[in-house]
Structures are given as structure tokens and as C-alpha cells.
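Open the structure in your viewer and keep the selection panel at hand. Each stop below tells you what to pick and what you will find there.

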Amino acid sequence: MFRNTYDSDNTVFSPQGRLHQVEYALEAVKQGSAAVGLKSKTHAVLLALKRSTGELASYQQKMFRIDDHAGIAIAGLTSDARVLSNFMRQQAMSSKMLFNRAIPVNRLVSAIADKAQVNTQEYGRRPYGVGFLVIGYDESGSHLYEFSPSGNSYEYFAMSIGARSQSAKTYLEKHYEEFADASLEDLIRHGLHALRETLQQDKELNVNNTSIGLIGPRSEHEKKGVQPEGAFRILENEAIEPFLKTMVAKEDPPAPAPAASSSGPAASGSGDVQMSG
Amino acid sequence: MADMVSIPHSQPQQHQFNPYTENGGTILAIAGADFSVIAGDTRQSEGYSIQTRYAPKVFRLTDKAVLAVNGFAADGNMFVKKVRQRLEWYRHAHAKDMPIRAIARLIQTMLYSRRFFPYYVYNILGGIEEDGTGAVYSFDPVGSYEREACRAAGAAQSLVQPFLDNQIYFKNQTPAPGTSFPGHLSLSTVLSLVIDSFTSATERHIEVGDGLEMYIVLAKNSPSIQSLRDIRGMSELTATEDGERVFVVRRDLKKD
Amino acid sequence: MSIAAQTDSCPRQPIVTGTSVLALKYKDGVMMAADNLASYGSLARFKDIQRLHPVGKYTVIGAGGDMSDFQYIQKFLEQLIIEEFTSQDGHDLGPAQIHEYLSQVMYSRRSKINPLWNSLLVGGFKDGKSFLSYVDLLGTTYSATTLATGFGAYLAQPILRKEVEGRENELTEEEAIRIMESCMKVLYYRDARSLDKYQLAVITADGVKISESRHLSTTWSFAEGIRGYGAQTQ
């Protein structure tokens with residue numbers, strides 16, 4: 001890649017007022033395969049593209065359950081995600097233990113954002129190399145947040161992160177007004193359509209490379225899980241078959257996807273780093 | 001040794017704080033061939049006072065495990081909370097429910113870890129084993145445990161257990177000539193035994209009464225479901241599809 | 001915040017104490033009552049002490065037992081409410097959450113053999129639901145539609161149960177006040193550590209209201225007629 005003069009230490013500003021190490025961390029998120037999140041009044045869903053290192057290898061894990069009312073999809077370093085998701089699980093559990101209350105989703109996100117911020121300021125640390133989409137349901141309804149290594153977090157109607165996520169964002173921006181009152185099936189279909197935009201020319205979404213995470217009342221296509229009804233669950237493999245079938249084929253051969261905002265290896269797809277998600 | 005005992009008290013003897021109390025009530029569980037019944041009354045008391053007529057002592061942990069807790073209520077509630085927390089971490093790690101024999105061992109280690117400041121609770125764990133058989137595990141407050149066919153604990157243990165020994169293990173009975181006792185009792189027989197145990201305990205023990213909560217765990221595709229057809233006051237709690245099924249029956253007991 | 005940071009394991013005893021607290025559920029919410037006395041042993045030491053305390057917008061706690069421990073509880077609950085308020089995200093603690101938190105504190109203190117020497121009632125109303133629960137120095141908890149601590153558990157609870165059980169959704173505020181007053185009167189007649197001055201708290205959809213001190217009118221003329229014990233022997 002490229003080097004800057006002021007990038008050897010994350011606590012040092014460049015003369016332009018930038019923290020290069022933090023920006024590199026944001027690049028790590030863009031290297032990871034895409035994840036899409038969107039919500040309606042009743043549901044919040046996550047969809048993610050799983051990579052595999054080869055024919056003989058299994059697919060990576062893109063989603064983590066935090067609690068019955070919250071879950072995440074990740075893009076970036078999976079190992080960093082495990083650390084952060086573990087922290088989120090602890091936060092969720094201590095809220096249950098102390099107050100018998102499901103932790104409000106915004107507080108869950110703020111908690112990790114505060115942790116990430118510390119890593120952009122303290123000497124001898126490195127920023128997390130992973131971004132999250134967090135969905136959750138609490139007293140104030142369904143939520144979707146983006147968390148990034150810079151320590152920022154924002155709430156969205158719909159959002160995408162990871163490689164070529166700009167294409168998905170373009171789709172979401174075009175359709176987001178329909179989401180609020182959409183049925184779960186429609187919401188997931190929109191999500192799949194958005195996720196499809198992040199694929200390379202010759203690739204397709206299938207039961208092996210797609211994960212769906214959701215919160216809200218059960219779809220007719222779903223089986224009951226071990227969690228209580230409506231709680232966060234992750235659908236994979238044959239469970240997502242009926243949802244993939246609802247997808248509408250693209251009308252015309254896709255125009256060369258507008259280059260994702262990221263540069264270099266992410267866009268070409270050849271730069272899959274084993275470690276990155 | 002004598003020196004150690006005779007330390008003179010220069011100060012007036014202070015009232016020692018007793019961190020325990022006893023909150024009454026009774027619990028009971030019986031295992032069948034492919035089912036398990038776990039029950040408890042809902043009265044909570046201290047001394048001669050009824051604190052409340054409804055404080056559950058029986059808790060669904062998973063779709064195949066139910067835990068009944070009796071003794072010091074504050075310890076009991078805290079213990080259940082901690083067990084549930086451990087089961088949640090297991091679910092995070094393995095995306096499935098912990099099997100009952102593993103829960104039983106977990107409970108042993110959790111109880112024994114407090115060997116020198118024990119949870120003052122008697123636990124009975126009931127449910128379905130991975131091989132589909134009905135199971136009951138019973139514990140003492142510091143973690144000794146064994147798998148059994150039935151167990152009663154709590155205030156009316158001494159009233160109920162002998163009745164169970166007679167009706168379930170057929171103690172002090174002899175089969176009619178040329179016949180033998182059944183290896184396993186049917187669900188309907190077990191339910192009647194449980195209900196009779198609690199109505200009798202309510203009659204004879206002041207700390208038992210108000211309400212009865214009876215959990216029934218059925219193995220996958222258990223034919224015992226037939227006997228639940230017309231049970232009064234029953235509702236289903238099952239969370240999973242095509243797995244074990246959990247039901248609860250709530251009944252009134254005498255309130256005097 | 002360091003609740004019970006001290007692991008001082010020297011067992012104490014209550015010094016300045018409050019007596020019973022009563023509470024019941026009625027049509028519009030929850031009502032709680034406690035007198036204004038804080039005793040020092042058998043001495044009626046402080047006669048204008050408030051034992052009902054609002055916590056946040058939806059909750060009242062009432063305390064019997066050691067009054068300095070109760071003030072400590074008030075202090076850390078206030079801290080908790082401020083922390084919750086400063087997050088400014090529309091989420092706030094209801095009575096159920098406050099009761100759970102209080103239970104955890106009480107239980108962890110008893111587990112350190114350094115209890116907060118109180119019996120507490122937590123009453124509240126939030127999102128259309130009333131809440132009433134108990135917690136004490138052992139961490140023991142329970143809920144019911146009528147609750148009473150201390151001597152109230154023996155003297156008032158039977159009356160409360162008779163008057164309230166099964167009528168929680170019909171009882172009006174006026175009836176509830178009448179029931180409370182009659183129970184407080186029984187307590188004043190029979191509990192030597194009680195006072196004829198008490199307060200009522202009502203927690204409804206309109207929020208928390210704690211009354212001014214109210215006076216119990218009692219008659220003692222019958223005492224003249226008592227013979228056979230005490231000063232008069234014939």
C-alpha cells in the first residue's frame with residue numbers, strides 16, 4: 001500500500017489533522033466481505049457475505065449473537081470482533097444481572113465505541129480492525145447501528161459495510177423509504193438484493209456464502225430456535241434457501257459496478273487476507 | 001486446646017448476624033421412561049408468616065431441563081440466576097442448549113465452589129437425557145449429587161419421600177403371585193402421585209400450600225403426550241421445534 | 001461507584017430504627033404508608049423522619065430498620081438515577097429495575113456479612129403496570145398485592161389481605177386511604193415503637209406523590225377501665 005510520514009504511531013496527528021493509523025483501521029473494515037443491515041418497524045435484519053479460503057475450507061463466521069435482543073454482523077478482523085463481541089455479551093449479561101433489564105441497544109454500541117476511542121488516543125495501542133453492524137430491539141423499538149474502529153457510531157435505517165459496500169448502499173438509498181412498513185420477507189429480500197450488489201461479476205448469493213441474522217416475529221419460512229420467540233437468531237445453509245428463492249433476478253447484465261469507495265485490493269477481490277473477515 | 005476455648009470476653013457479647021433463613025415450601029421430581037415431572041408449591045414463608053402466596057421455586061432452564069430450588073429463597077434465586085448465566089455462555093459458545101447431565105455436573109461444581117459459605121438450597125434437576133430417557137438429579141447444598149428416579153426435598157420431604165418410596169420404588173409391597181411391579185410408571189400415574197403428594201403435604205405441613213406448579217418435560221415424539229390431553233390448567237412452554245416439549249400445570253392448593 | 005467497597009466483616013446492629021411500612025395495590029397504582037418516627041432503642045428519638053423516599057419518576061421506596069443505612073441507600077440510588085439521567089437516551093429505570101438493583105446490593109452485602117439493616121418495600125407504576133415488591137437485609141425478595149414489614153407483617157398484613165386481595169382492580173384511592181389509615185391505627189395502638197404521625201405515598205400514571213404528615217386520631221379513654229395489670233391493681 002502507501003506510507004505516510006505520520007503513520008507510525010496512532011497517537012500522533014499528521015499536519016493535516018489526521019490519524020493515519022485510524023484510517024488504516026478503517027481500511028481493514030473495507031477489506032472484509034460485505035455486510036448489510038436494515039430495519040422495519042417490527043424487525044431488524046442483517047445479511048452478510050461469507051468468504052471461504054478455498055474449496056477445502058469452511059466459510060468464515062460473519063455474525064455473532066450478543067443477547068436475545070441484540071446481534072452483530074462484522075467486516076474486518078474476525079479475531080478483533082470476537083474480543084469486542086465477548087465484551088458486548090458481558091455488558092448485556094451484567095445489565096440482566098443488575099437490573100433485570102435487556103441493555104438498551106444504544107448503550108451497547110456506545111460501550112464498544114468508547115473502547116475503540118481509547119485505542120485511537122493511548123500510546124502503545126492499536127485501533128480495532130473491525131466494523132460492526134449492530135441490530136437490536138428494546139423499549140424504543142428496533143434499531144440498526146454502525147460501529148467503526150474510529151470510535152464512531154451512528155444509527156441508520158439501512159447501512160452496509162465491507163468490501164464494495166458502496167454498491168449496496170446505493171441500492172439501500174434508492175429503496176429505504178419502503179423499509180419501515182415492509183414485511184419481514186420483503187425486508188430480507190431487499191437486504192439480499194443490496195448484498196448481491198457487492199458481489200463480483202461471476203458470483204452469486206447461495207446457501208453457503210450468505211448469512212442472515214434477524215430480530216422480530218418469526219417468518220413462515222423459519223423453524224423455532226433455542227431462543228425465545230422473536231429473539232435474535234442467525235440463519236444459515238438450508239434455512240436461508242426459501243429467502244434466496246424470493247430474490248428477483250437482475251433485469252439487465254449489471255453495468256460494471258461503481259468502484260467501491262475503497263481502493264486497491266478490496267475492489268479486485270484478490271486481496272482476501274486469511275485473517276480478515 | 002483448653003486455652004483456645006476460654007478467651008475472656010471483655011466486651012458484651014454482640015448479636016451475631018445470621019446470613020441465612022429458611023423459607024419453607026417443598027419440591028419434588030419424578031422421572032419416567034421418556035418424561036420427567038418437576039413440581040413445587042408456591043408459598044414463601046418465614047417463621048409463622050406467609051410472605052407471599054406466589055413465589056416460584058421451579059424454573060425452566062432449557063427445553064430439556066427444569067430446576068427446582070428449595071431452602072433459603074435469596075440464595076435460591078441467586079443460584080438460578082448464576083446457572084442461567086452459565087447456560088447462556090454455553091449457548092454463545094456452542095449455539096445449542098447444554099445437555100442435562102452436563103448441567104448436573106455444572107451445578108455440582110457451582111455448589112461446591114461455595115463449600116465454606118454454602119448456598120443454603122436443595123436442588124432437584126429434572127429433564128430429558130441425550131438418549132431420550134427421563135432423568136432426575138438431586139443435590140445437597142454443597143454439591144453431592146446422584147441421578148435417581150424420584151426425589152422430594154424441602155419442608156415436607158419427610159412426609160412425601162416415604163410415600164414416593166412406597167408408590168414408585170414399591171417399598172414394603174409384594175407383587176401379587178405370578179406378577180411383577182412395572183419398571184416405569186405412566187405419565188398419568190406420576191401426575192396423580194405428584195398432585196396427591198402436594199395436597200397431602202398441604203394438609204399436614206404449615207409451610208406448604210397456596211399454589212402448585214408442575215413442569216412436565218417430554219422426550220421427542222413421546223407417546224406420553226396422550227395423558228396430557230385433558231389436564232386442567234396446563235400450558236405449553238416449548239421454545240424449539242421437533243425437540244423435547246415442556247409443559248406447566250398450575251393448580252391451587254389450600255391457602256390456610 | 002463503590003457500593004459496599006468496605007469488606008468490614010464486623011457485624012453491627014441497627015441503632016436508630018424505623019418500624020413498619022405498609023403497601024397495597026389499588027385501581028390506579030400503588031399506595032404506601034410509614035410513620036414519621038425514628039427510635040433509639042425504646043426512646044422515641046426523632047419524630048419528623050421521612051421513611052418514604054422517591055427514586056426517579058416512577059418509584060417509591062419505604063424503609064424499616066436502620067435509618068442511617070436507609071440514608072446510605074437513598075444516596076446511592078440518587079447517584080444511580082443521576083447516572084441514568086445523564087445518558088439522555090430516553091431509557092430510564094422503572095420500579096422493577098430499581099428493585100432488582102436494590103436486591104443485588106442487599107444480597108451482596110449480606111454475603112459479605114456486612115448487611116444494610118433494613119426491610120424495604122419498593123412500589124411503583126410504569127407503562128400502565130403497577131409494581132410492588134419487598135427486599136430485606138438477607139436479600140430475600142417477594143411480591144404480593146399487599147405487603148407489610150416489621151410488626152406490620154403480623155398486625156396489618158391480615159387486615160390488608162382481607163380488604164385488598166381480589167379487589168386490586170376495584171379499590172379507589174379513597175378506599176385505599178381508609179384501609180391504610182385503619183391499619184396505621186392498629187399499629188399505633190399495639191406497636192410501642194410507632195407514632196400517630198405518618199405519610200402516604202401514591203404512585204400512579206400521574207407519577208409519585210408523597211403526602212404531608214397526617215395525624216391519627218385515637219381514643220385512649222378505654223384505658224381507664226382496664227384493671228388487673230400495670231399501675232392499677234384493682
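How many helices and strands does the secondary structure of chain B come to? Select chain B and colour by secondary structure: there are 5 helices and 13 strands. Bear in mind throughout that this is a predicted model.

**Stop 1: chain B as a whole**

Stay with the C-alpha trace of chain B. Along its principal axes, the trace spans about 70 × 45 × 40 Å. The radius of gyration of chain B is 20 Å, close to the 18 Å that the globule rule gives for 256 residues, so chain B is as compact as a globular protein of that length. Of those 256 residues, 53% count as buried. Now consider contacts in chain B between residues at least 6 apart in sequence: 65% of them join residues at least 24 apart.

**Stop 2: B:Val69**

Zoom in on strand β6 of chain B, residues 65-71, and pick B:Val69 there. Is B:Val69 buried or exposed? Its relative accessibility is 6%, under the 20% cut-off, so B:Val69 counts as buried. Show what surrounds it. Leaving aside neighbours within four places in sequence, B:Val69 is in contact with B:Ile27, B:Lys57, B:Phe59, B:Gly76, B:Val80, B:Val121, B:Tyr122 and B:Asn123. Next, draw a C-alpha to C-alpha distance from B:Val69 to B:Tyr120. The two are 51 residues apart in sequence and 9.9 Å apart in space.

**Stop 3: chain A**

Switch to chain A. Its secondary structure has 7 helices and 10 strands. Buried residues make up 53% of its 277 residues. Among contacts in chain A with a separation of 6 or more, residues 24 or more positions apart account for 66%.

**Stop 4: where chain A meets chain C**

Select α2 of chain A (residues 78-99) together with α2 of chain C (residues 95-111). The two helix axes come within 6 Å and cross at roughly 85°. Angles of 65 to 115 degrees count as roughly perpendicular, so α2(A) is roughly perpendicular to α2(C). Which residues meet here? From α2(A), show A:Met97, A:Leu98 and A:Phe99; from α2(C), show C:Gln97, C:Glu100, C:Tyr101 and C:Gln104. By class, this contact has 4 nonpolar, 2 polar and 1 charged residues.

**Stop 5: A:Asn100**

Move on to A:Asn100, in the loop between α2 and α3 (105-119) of chain A. Check its backbone: phi is near 55°, a positive value in a residue other than glycine. At 52% relative accessibility, over the 50% cut-off, A:Asn100 counts as exposed.

**Stop 6: C:Asn118**

Go to chain C and strand β8, residues 118-126, where C:Asn118 is found. C:Asn118 has 1% relative accessibility and so counts as buried. Look for a polar atom of its side chain: the backbone oxygen of C:Gly64 lies 3.1 Å away from that atom. Then show the other contacts. Not counting residues up to four places away in sequence, C:Asn118 touches a set of residues including C:Ala63, C:Gly65, C:Asp66, C:Asp69, C:Phe70 and C:Ile73. Also among them are C:Met106, C:Val135, C:Asp136 and C:Leu137.

**Stop 7: C:Asp127**

Finish at C:Asp127, in the loop between β8 and β9 (129-136) of chain C. What is the phi of C:Asp127? Phi is positive, about 50°, although C:Asp127 is not a glycine. With a relative accessible area of 61%, C:Asp127 is exposed.

Technical notes: Residues numbered from 1 in each chain as written. Chains lettered and ligands numbered in written order. Predicted model: local features only at pLDDT ≥ 70, side-chain atom pairs only at ≥ 80, totals over all residues. Heavy atoms only, no water. Axes fitted to C-alpha atoms, helices over the stretch in contact; angles between N-to-C directions. Helix = DSSP H or I, 4+ residues; strand = E, 2+ residues; numbered from the N terminus. Parallel < 35°, antiparallel > 145°, perpendicular 65-115°, else oblique. Contact = heavy atoms within 4.5 Å. Nonpolar A, V, L, I, M, F, W, Y, C, P; charged D, E, K, R; others polar. Buried < 20%, exposed > 50% of the residue type's maximum accessible area, 1.4 Å probe, protein only. Polar contact = N/O pair within 3.5 Å; in protein donor to acceptor, adjacent residues only side chain to side chain. Rg over C-alpha atoms; globule rule 2.2 N^0.38 Å.
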